Amino acid sequence: MSKYVTAADAVKVVKSGDRVYLQAAAAAPTILANALTERASELRNVEICHLHVEGEARYANPALAESFHVNSFFIGANVRHTLKAGNGSYTPVFLSELPHLFRKNVLPIDVAFIHVSPPDRHGYCSLGVSVEATVAAIENAKIVVAQVNPQMPRTFGDGILHVDEIDYLVDVNMPIYGHEPEPFTVEEEKIGAYIASLIDDRSTLQMGIGSIPNAALSKLTSHKDLGLHTEMFSDGVIDLIEKDVINCNYKGTLRGRVLATFLMGSKRLYDFVSDNPFIEMKESSMVNDTARIRKNPKMVAINSALEVDLTGQVCADSIGPQMYSGVGGQMDFIRGASLSPGGKAIIALPSTTKKGVSRIVPFLKQGAGVVTTRAHIHYVITEYGIADLYGKTLRQRAAELVRISHPDHRENIEREYYELFNKM
């Protein structure tokens with residue numbers, strides 16, 4: 001009997017009260033999720049859990065709250081409204097630990113929706129551009145349903161699974177969600193140059209998607225023998241790999257290979273990683289494991305923030321009490337880089353928001369979450385320079401951070417901080 005069925009038939013395996021896991025990011029199984037949403041009138045209290053997923057999320061419509069509840073491990077823009085509307089929740093968890101929630105049966109999975117490349121002649125599919133916690137979800141789900149897509153890149157590593165591990169297959173043919181690289185601003189280019197100035201030859205890098213990482217990468221063309229051990233990467237690394245700037249020859253973990261757990265970028269990126277043994281896609285419990293990250297000499301972790309206070313506390317997941325994204329892997333890599341021989345942990349952000357509000361603040365907003373603590377922070381970079389906070393007192397940190405804040409805000413930030421500091 002063939003495992004190939006229509007999407008409408010495949011999603012009939014979901015029952016009221018089930019927990020469904022969706023593969024993340026660019027590999028979001030949207031065809032299956034949409035087919036499940038069509039069954040809303042038949043279902044009640046189905047929990048749909050996932051990290052950030054690209055594309056539409058019809059199940060997140062508040063009008064369907066009796067049928068579907070969204071449980072986000074990292075909140076994307078397409079489901080952010082659910083927390084306020086009441087049909088969504090956020091579960092804080094380090095990306096390194098998310099697979100353990102499934103394996104320890106803390107969050108039992110009834111059905112896993114995944115997105116794979118077609119089986120090869122031996123019957124093996126690939127999870128392609130997103131492995132993260134999906135392997136653990138597959139291992140622990142009662143039923144696994146897969147979108148089978150010829151446009152899904154075939155990647156190596158933990159995401160290889162045999163068709164026998166999948167209960168139902170649904171043929172689709174759709175582009176993988178992607179983002180074209182955007183030009184960086186003058187401010188982002190300055191930040192990128194400051195980041196690059198801290199990176200030595202033979203360093204191993206962790207950086208994500210966006211203009212600031214791409215700006216930093218564009219400044220590394222004269223570097224030698226860099227490595228890449230990162231939660232995710234995008235187009236910015238391709239030219240450096242092709243020029244042998246990134247060759248991974250001096251990494252401590254998986255030497256000679258790029259290591260990541262998910263990817264996001266353009267079709268050029270997806271073509272580059274497909275059938276490329278230089279790229280290893282591993283589960284987040286391995287990629288984000290602090291013990292493995294720290295084995296890379298000169299590990300450089302580059303992360304961003306929503307705001308940083310003058311003591312060095314980093315808020316990266318909320319705007320005040322309003323959840324915006326999630327903990328993700330920032331702390332995994334900040335700590336791993338800090339413990340690496342010659343390692344550097346960097347928080348990079350523009351000095352102000354697009355509306356001109358300072359992101360270097362005397363105190364975090366009431367209710368804001370601290371993702372990286374003041375004890376973990378080393379470097380903070382804006383377009384106005386580099387603040388080195390490691391080993392600095394609170395007063396010294398404040399002076400460093402005021403120096404790299406926007407000139408229009410420096411006086412107010414400093415005054416407000418010291419007025420309260422002197423009352424302590």
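Begin with helix α13 (residues 394-403) and helix α14 (residues 410-421), whose axes come within 10 Å and cross at roughly 165°. The model is predicted; local features need pLDDT of at least 70 and side-chain atom pairs count only at pLDDT 80 or more, while totals for chains, interfaces and linings use all residues. Residues are numbered from 1 along each chain as its sequence is written, and side-chain values use heavy atoms, with hydrogens and water left out.

The angle makes α13 roughly antiparallel to α14 (over 145 degrees; under 35 is roughly parallel, 65 to 115 roughly perpendicular and the rest oblique). Axes are lines fitted to C-alpha atoms, for helices over the stretch in contact, with angles from 0 to 180 degrees between N-to-C directions. Helices are DSSP runs (H or I, at least four residues), numbered from the N terminus. The crossing of α13 past α14 is right-handed (the near helix is turned clockwise from the far one by less than a right angle).

Next, select Leu-394, Arg-395, Ala-398, Ala-399, Val-402 and Arg-403 of α13, then Arg-410, Ile-413, Glu-414, Tyr-417, Tyr-418 and Phe-421 of α14, which make the contact (heavy atoms within 4.5 Å). This contact has 8 nonpolar, no polar and 4 charged residues (Ala, Val, Leu, Ile, Met, Phe, Trp, Tyr, Cys and Pro are nonpolar, Asp, Glu, Lys and Arg charged, and the others, Gly among them, polar).

Move to helix α6 (residues 186-197) and helix α7 (residues 211-218), which pack at about 55° with axes 7 Å apart. That angle makes α6 oblique to α7. Here too, α6 passes α7 in a right-handed crossing. Select Glu-188, Glu-189, Ile-191, Gly-192, Ile-195 and Ala-196 in α6, which meet Ser-211, Ile-212, Ala-215 and Ala-216 in α7. By class, 6 nonpolar, 2 polar and 2 charged residues form this contact.

Now turn to the second largest pocket, with a volume of about 190 Å³. Its lining has 13 residues, of which Gln-151, Ile-176, Lys-267, Tyr-270 and Asp-271 are the closest to the centre. The lining divides into 6 nonpolar, 5 polar and 2 charged residues.

Finish at the 1 cavity of 30 Å³ or more. The largest cavity holds about 50 Å³ of space. To display its lining, select Leu-22, Ala-28, Pro-29, Thr-30, Ala-33, Val-53, Glu-54, Glu-56 and Tyr-59. On a 1 Å grid over the protein atoms alone, a cavity is a set of points where a 1.4 Å probe fits but cannot get out, a pocket is an open set with protein on both sides within 12 Å along at least five of seven lines, and lining residues have an atom within 4 Å of a point. A volume is the space filled by probe spheres set on the points, which are joined across faces, edges and corners.

Conventions
Helix = DSSP H or I, 4+ residues; strand = E, 2+ residues; numbered from the N terminus.
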